Amino acid sequence: MNWAPVIGIEVHVELDTASKMFCGCRVSFGDPPNTNVCPVCLALPGSLPVPNREAIERIIRLGLALNCRINPGSVFHRKNYYYADLPKNYQISQFDIPVCVDGWLDVESDEGSFRVGIERVHMEEDTGKSVHVGEGGRIHTAAETLVDFNRAGTPLVEIVSRPDLRSAADARAYTQELRAVVAETGVSDARMERGSVRFDANVSIRPPQSQKLGVKVEIKNMNSFRSLEKAIRAEVDRQVELVEAGEKVVMETRHWDESAGITHGMRTKEGSSDYRYFTEPDLAPMVFSESWVQEARSQIPELPARRRERYRHLGLNPGSARVLAGSEPDLRGLFEDAVESGAAPVPAANWVTGDITASLRRRNACLGDVPLHGEDLAALTAMVSQGRISARAARQVLEGVMDGEGSPTRVARARNLEQISDQAALEQVVEEVMSAHSQAVERYRSGEKKVRGFLVGQVMRATSGRADPRAVNQILSTRL
Amino acid sequence: MPIDVDVAHVANLARLALSPEELDRYRQELGVILEHASRVQQVETSGIMPLSHPLGSGNVFRPDEPSPSLDREEVLEMAPESRDGFFVTPPALD
């Protein structure tokens with residue numbers, strides 16, 4: 001039997017504010033352990049939290065970018081649980097009145113477009129970092145735990161999707177789009193390798209036609225798109241096997257083990273009531289005025305979906321628009337500058353996402369390291385479309401420009417790459433080739449038509465590839 | 001009538017080891033408190049603005065400016081065990 005997965009995703013995003021959510025300790029990655037800690041984030045008795053206004057402004061901006069409604073007011077709650085990296089034994093989070101609710105995000109993937117509902121976006125604080133020591137560092141076999149509280153209290157935003165996703169691939173596409181929005185709005189550095197963006201997934205299965213949701217399992221500990229996709233696949237497979245063997249899926253939290261490629265059940269499972277949420281008495285409620293929300297709205301830059309649309313209007317096909325819209329800001333800037341300098345959008349986009357990206361990768365450089373500007377790209381595309389250089393020569397011209405040899409025109413001239421379209425000069429070369437290969441000419445004239453390709457090749461060779469093939473063919477037609 | 005409470009479960013959530021006598025005593029005491037709370041919940045509150053905090057609408061914030069942190073040696077002195085700048089705890093999941 002076929003089973004239909006139903007997936008909802010919780011995405012945690014660390015904000016890269018200068019200071020933590022409720023105290024003035026620095027938010028900094030990679031500092032020596034326990035050097036950015038104070039009485040508040042260590043939960044020393046008598047300390048009191050004060051929220052960071054910048055973090056609140058950022059969550060409002062992100063919520064608006066995700067088409068959410070901003071609640072007129074919002075309160076913090078305590079979520080009580082015990083863990084070594086949670087010094088207060090509760091996390092300051094939000095419960096029934098989060099900052100943002102009821103949004104959505106449109107996602108485009110190879111398989112098409114779909115909309116994912118966003119239930120809520122709420123503000124909380126990150127925990128410290130635990131290093132589990134012994135037996136290869138695996139969480140379930142560790143002998144002891146080392147704790148670093150530098151991360152404790154870092155502003156953390158949780159984005160909860162509705163269970164609108166139907167496959168692991170969709171989950172990946174959604175989280176990638178979401179990450180792009182997070183990066184674009186500037187609320188977080190969104191660096192996956194630093195754990196700035198992390199995923200939990202709620203997974204259940206049901207018969208394809210059923211509207212009823214199955215028992216859901218929460219899987220935790222995915223911090224890359226790849227592991228999210230793999231973990232969901234593994235969990236769906238596990239549930240299908242269970243159900244087909246006549247067993248039941250149990251509601252639980254499971255931990256993704258990246259190296260083993262499987263999920264492990266976790267021994268403790270606390271239900272929502274076990275967290276004993278109650279309003280945080282140390283923090284006053286927040287009220288968001290209309291002008292505050294308007295201000296946040298005005299700070300939202302162009303988002304990926306809008307940019308893709310704009311690129312499509314420039315004539316790019318959807319795939320190409322998607323790749324370009326998702327590329328690094330400096331590369332997009334190069335494209336936009338080139339178009340502004342008169343480049344045709346389609347070839348300019350192909351250059352940027354193709355040869356230029358590849359060349360930068362070969363050079364292990366970024367765009368800022370090479371003297372390539374929008375006007376150069378515009379000149380290059382113009383030279384190709386006017387037939388002044390061949391597509392192949394254009395690649396060499398590009399390399400020359402990136403090597404600092406000057407403008408495309410200059411490089412083409414200096415490297416002798418300009419096509420010979422001077423009719424008289426070409427006719428001269430064709431004459432020479434025909435007399436040097438008179439046998440081939442005879443064979444052609446006696447009906448062996450494929451010899452023509454050989455003759456064209458000889459002309460190209462004689463001109464080091466600089467002859468315009470169209471012109472060569474024309475001349476050959478009249479002479480043969 | 002006092003409300004029945006699963007004190008053992010609540011104690012476990014709070015990581016409290018209670019003796020059978022204590023479990024029994026707290027079950028009775030908490031039961032009376034919950035009975036009182038349930039009576040408060042019966043009060044007609046429709047049309048009354050919820051009050052989540054005695055300070056009302058606070059909007060108390062601080063600017064996003066870093067301030068000095070504590071000295072690490074001083075911090076780790078408070079820990080029963082530390083190593084290489086880390087706090088050491090028993091295995092976290094057990």
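Helices, of at least four residues, and strands, of at least two, are taken here as DSSP runs numbered from the N terminus. On this basis, in the predicted model, the elements of chain B follow the order α-α-α-β-β from the N terminus on, which amounts to three helices and two strands. For the complex, the predictor gives an ipTM of 0.88 and a pTM of 0.83. Chain B has a mean pLDDT of 89, with 95% of its residues at 70 or more. Within chain B, confidence is lowest in helix H1 (residues 7-13), where the mean is 90, and highest in helix H3 (residues 72-77), where it is 96.

Buried residues account for 7% of the 94 residues in chain B.

The two strands of chain B take part in a sheet that also includes strands of chain A. This open sheet has four strands in the order E8(A)-E9(A)-E2(B)-E1(B), with antiparallel pairing; its edges are formed by strand E8 (129-133) of chain A and strand E1 (82-83) of chain B, each of which pairs on one side only. In general, the strands of a sheet pair through backbone hydrogen bonds, in either a parallel or an antiparallel arrangement. Across the boundary between the chains, strand E9 (residues 144-148) of chain A and E2(B) run antiparallel and are joined by three bridges, with Val147(A) standing opposite Phe87(B). Within chain B, E1(B) and strand E2 (residues 86-89) pair in the antiparallel sense over two bridges; here Ser82(B) stands opposite Phe87(B), and Arg83(B) stands opposite Phe86(B).

Chain A is divided by the domain assignment into domain 1 (4-297), domain 2 (302-414) and domain 3 (423-479). The centres of domain 1 and domain 2 of chain A, taken over C-alpha atoms, are separated by 38 Å, and the contact between these domains takes seven residues from domain 1 and six residues from domain 2. On the side of domain 1 of chain A that touches domain 2, the elements giving two or more residues are strand E6 (100-109) and helix H2 (168-184) of chain A, and H2(A) gives the most, with four residues.

The largest nonpolar core comprises 73 residues, and those with the most contacts inside it are Ile59(A), Val121(A), Val157(A), Ala171(A), Tyr174(A), Ala201(A) and Ile232(A). Helix H1 (residues 53-65) of chain A supplies the largest share of this core, with seven residues. When its neighbours within four places in sequence are left aside, Ala201(A) is in contact with Ile7(A), Ile9(A), Ala171(A), Ile219(A), Leu228(A), Ala231(A) and Ile232(A). A second, separate core has 30 residues, among them Ala338(A), Trp351(A), Ile356(A) and Ile389(A).

Note on methods. Residues numbered from 1 in each chain as written. Chains lettered and ligands numbered in written order. Predicted model: local features only at pLDDT ≥ 70, side-chain atom pairs only at ≥ 80, totals over all residues. Buried ≥ 20, exposed ≤ 12 C-beta atoms within 10 Å, placed from the backbone. pLDDT = per-residue confidence, 0-100. Pairing = 2+ DSSP bridges. Core = buried A, V, L, I, M, F, W, Y, C linked by C-beta atoms within 7 Å. Contact = placed C-beta atoms within 7 Å. Domains from an automatic or database assignment.
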